[in-house]
Amino acid sequence: MKKILILVIVFYILVLFQISFLVHFNIFDGSFLGWSPNLILIAVILLNIFENPQKNSGYFTAFIGGFFLDIFSGHFLGINFIGFWISILLAISFSIKFILRKYVRTPFFKKA
Amino acid sequence: MKLSPKLKIGIIVVLLIAFFVVLNLTAISKGIKNFFYLISSPIQKTLWRLSNNLSDFLEAISNINKLKKETEETRLQNQELLKELVTLKEIREENKILREALDLGLEKEFKLQIAQVISKDISEDSLIIDKGSKEGIEEGLPVISQQKVLWGRISEVYPNFSRVMLISNKESSFDAKIVNEEEIQGVVKGKGNLKIIFDLIPQEKEIEEGNLLITTSLGGIYPEGLLIGLVKTIKKSDIEPWQQAEIQPFFDLSEAEILFIIIEW
């Protein structure tokens, strides 16, 4: 429960930071492929990659991140509804987990 | 009865889809967005102001050498401008009297609503401002700055907030003209990333870099005479029926804090 709360707060701060703070800096002004870096997307991908592949909290991360992106962004490719970013991030999260579970063997050290 | 993991996932997916369909088909989604904007706006306003100041400061540091050179040039220009200023002051006084006589004040030209910018969209060229349907804001209303520079129009309205589609948004297109020796009509299209182009200009018309672009009342979207930008580069090709020009827009995100919505014109 504590972890969920921390995730929600961190993602909320991250999205506000991106839409109200970073937009003023030229370096973030869409210089990369015409898009500014999406901090939530990056965070979700990183959390899913570095999490133990057998755990499922990455999906929850994707849901929270997607929800905030849906709330604070308007149209994307002409689509505007709550659930769009959630679906995208869940699909990304699912793909990462699938690849890590099926094709990658990661060494995990258990606590003694 | 124990459900298999695949069935569990299936049920969760179906429930989620049903939840989002209900959410988006009703007005609840606007309510949710408005709620989040409402609780976030104090933080967003602070962040926006902080970031504005910080970016100005950093820009000043990075441009220090350029600024020195510019100061020298400005000093020279200043003397010449002072001479002109004296003349202009006289003209302004005369203009003021004439305006009063003809009842042409800007505040009388438009009925305005003041609004503060709180955020910019992540994925497209749009802003969120702190005025919504409760203040009489409707979709389609033009948004300008104090200097009569066109920023865009209202694309979505929430009870306390509105979304402004900037003129550089890919979905934005409207009629505009260049006031040169002759009037040149065309269409301004948004290219995304705060860039705009002036398109559908007849080949035979002569345009030059630095020409001023203003709105026309032709499409009925914007009032006449709002400032858009200056012609930056011209793209002319013999095989194309029209010529195109890249525009340096007047609106500047670093100066976005207070905007005006034209309620009536």
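Biologist: Which residues lie nearest the centre of the largest pocket?

Modeller: Tyr59(A), Leu90(A), Phe94(A), Ile9(B) and Val13(B), out of 21 lining residues. A pocket here is an open set of points on a 1 Å grid over the protein atoms alone, where a 1.4 Å probe fits, with protein on both sides within 12 Å along at least five of seven lines; lining residues have an atom within 4 Å of a point. Bear in mind that this is a predicted model: local features need pLDDT of at least 70, side-chain atom pairs count only at pLDDT 80 or more, and totals for chains, interfaces and linings use all residues. Residues are numbered from 1 along each chain as its sequence is written, chains are lettered from A and ligands numbered from 1 in the order written, and side-chain values use heavy atoms, without hydrogens and water.

Biologist: How much space lies in the largest pocket?

Modeller: About 770 Å³. That volume is the space filled by probe spheres set on the points, with grid points joined across faces, edges and corners.

Biologist: Which helix gives the most to the lining?

Modeller: H4(A), with eight residues. Helices are DSSP runs of H or I, at least four residues, and strands are runs of E, at least two, numbered from the N terminus.

Biologist: New topic. At what angle do H3(A) and H2(B) pack?

Modeller: About 85 degrees, with axes 10 Å apart. So H3(A) is roughly perpendicular to H2(B), a label for angles of 65 to 115 degrees. Axes are lines fitted to C-alpha atoms over the stretch in contact, and angles run from 0 to 180 degrees between N-to-C directions.

Biologist: And in what order do the six strands of the barrel close?

Modeller: E6-E7-E8-E11-E10-E9 in chain B, with antiparallel pairing. Strands pair if DSSP finds at least two bridges between them. E7(B) and E8(B) pair over five bridges.

Technical notes. Angles under 35 degrees count as roughly parallel, over 145 as roughly antiparallel, 65 to 115 as roughly perpendicular and the rest as oblique.
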